[in-house]
Amino acid sequence: MSEYHLDARNILCPLPVIRTQNAVQNLQKGDRLTVICTDPGALHDIPTWSRINGHRILEMKNDNKLITIIIEVEGLGS
Amino acid sequence: MASQRKAIALISGGLDSMLAAKVVLEQGIHVEGINFFTGFCVEGHTHAIRKQDKAKPKRNNALWVAEQLGIKLHIVDVIEPYKTVVINPRHGYGANLNPCLDCKSFMVGKAYEWIQQHGFDFIITGEVMGQRPMSQLKHVMPVVQRESGAGDLLVRPLCAKKLPPTLPEREGWLDRGKLFDFSGRSRKPQMALAEKFGITEYAQPAGGCCFLTDAYYAKKLADLWQSRGSRDYELDDIMLLKVGRHLRPRPHFKLIISREEGETNFLEGYRRSFTHLRTLSHGGPLALVDGETSHDDLVLTAQLVARYSQGRDTGQVDVAIHHKNGEIEQISVTPLKPDEIPEDWHI
Ligand code: SF4
């Protein structure tokens, strides 16, 4: 299991989702990706993207406009 | 047993593409969704920017549709390659700056590249014959097939029966008898099909799927091209066209003035790249100046900004001008009166 970080601050949805998707594509099952972003839309879109692609959200917090989402890579495939 | 066939469905977030994907899923095909982000999409940004829109759901409709259908969704960033479609469309524009026919061929073309890279068999779109936009008229349907390169690997399940059989139909991967022949502007057949599938909630995009169909937006983009003397843009340019009041008092510069707190927060992210103004003595907007300005120009911009501040009815408003080099200049100005702002300054 490896830990990765993605800085998706100051970009608007769907760009944080696209960056997350592209980062996860290169990871292995069990890896963890911490995404940091500022668009509140990500609070909705990243979990939805994770659910439909079979990944798990381990943690999600919104501290004074800074959003942190930790994803565990599970589903793999196309 | 033959292996399960795989299709990629262009998912816009609206009802038609959702139904098209569902029709094919029902035939036992493995379906995944694909959605292209051009920078002009109505999704996401506007909700994120404007505070008054905060009450509306902030979901991304394409992701939501994929979840309802139980399929994966691939969102592809096409900001760069899409520029040639907008700047120089082979088939021209629709009512505004929407290059719908070129856009459709571009997206199907990208989906075609995708299926080749990922070992998928064919492509699905939610087009309905004879509906707006112009890319859905009968005589242009073959144009998309041809110019995208997808040929008869492109299936339009909602109007397939009005078109020649495609490869997936001829090969028996899809039962043509269970595809549809929808045409015209009526939404009734789609609504009936949605009901049959138990789909009760769906997004109803008004006008089109992107800002290029919006007359006000198109006017601002045309103004941007004209003022720069070239038809080009960066992502930041087209994002800024979605926000604020845009005024061009002189040919060589324009002002972007926030209309509410959400827009002010959004413009804050850009202020370092622009000369910008704020009111000091009264509450007021943040304004970015796009273009090169003289001192007199800046006095005029300050008067305009004062006009949109809470000090608009007072004799004098203090304004701070933040120059790009970091210098801050403070001036006191008389707000312009409404009749001193010609209508044609508004872009
Ligand atoms: S409305 Fe916009 S996204 Fe939709 S086909 Fe036309 S140009 Fe493309």
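How many of the 11 residues of helix 2 (residues 42-52) of chain A are buried? In this predicted model, the count is eight, so the helix is largely enclosed by the rest of the structure. The buried residues of helix 2 of chain A are Ala42(A), Asp45(A), Ile46(A), Pro47(A), Thr48(A), Trp49(A), Ser50(A) and Ile52(A). Their cover comes from both chains: from chain A it includes helix 1 (15-24), strand 2 (32-37), strand 3 (56-63) and strand 4 (66-72), and from chain B it includes helix 3 (61-69) and strand 3 (73-77). Just after helix 2 of chain A, the backbone reaches Gly54(A), which takes a positive phi of about 80 degrees.

Strand 2 of chain A, one of the elements that cover this helix, is also the place of Thr34(A). With a relative accessible area of 8%, Thr34(A) is buried, and, when its neighbours within four places in sequence are left aside, Thr34(A) is in contact with Tyr4(A), His5(A), Leu6(A), Thr68(A), Ile69(A) and Ile70(A).

The cysteines can be considered next. Over all chains the number of disulfides is zero. For Cys13(A), the closest cysteine sulfur is that of Cys37(A), and because the two sulfurs are 7.2 Å apart, whereas a disulfide requires a pair within 2.5 Å, they are too far from each other for a bond. Cys13(A) counts as buried, at 2% relative accessibility, and in chain B Cys159(B) is buried as well, with a relative accessible area of 0%.

Turning to chain B as a whole, its secondary structure consists of 12 helices and 11 strands, and its C-alpha atoms occupy a box of roughly 80 × 40 × 35 Å along the principal axes. Chain B has 347 residues, of which 54% count as buried, while its accessible surface amounts to about 15600 Å², with 49% of that area belonging to carbon and sulfur atoms. Among the contacts in chain B with a separation of 6 or more, 66% are made by residues 24 or more positions apart. The charged side chains of chain B number 44 positive and 42 negative, and the centres of these two sets lie 6 Å apart.

Lys162(B) lies in the loop between strand 5 (154-155) and helix 7 (167-170) of chain B. Is Lys162(B) buried or partly exposed? With a relative accessible area of 36%, Lys162(B) is partly exposed, because that value falls between the limits of 20% for buried and 50% for exposed.

Key. Residues numbered from 1 in each chain as written. Chains lettered and ligands numbered in written order. Predicted model: local features only at pLDDT ≥ 70, side-chain atom pairs only at ≥ 80, totals over all residues. Heavy atoms only, no water. Buried < 20%, exposed > 50% of the residue type's maximum accessible area, 1.4 Å probe, protein only. Helix = DSSP H or I, 4+ residues; strand = E, 2+ residues; numbered from the N terminus. Contact = heavy atoms within 4.5 Å. Areas by Shrake-Rupley, 256 points an atom, 1.4 Å probe, with all protein chains shown as cover. Lys, Arg positive; Asp, Glu negative; His and termini not counted. Charge placed at Lys NZ, Arg CZ, Asp CG, Glu CD.
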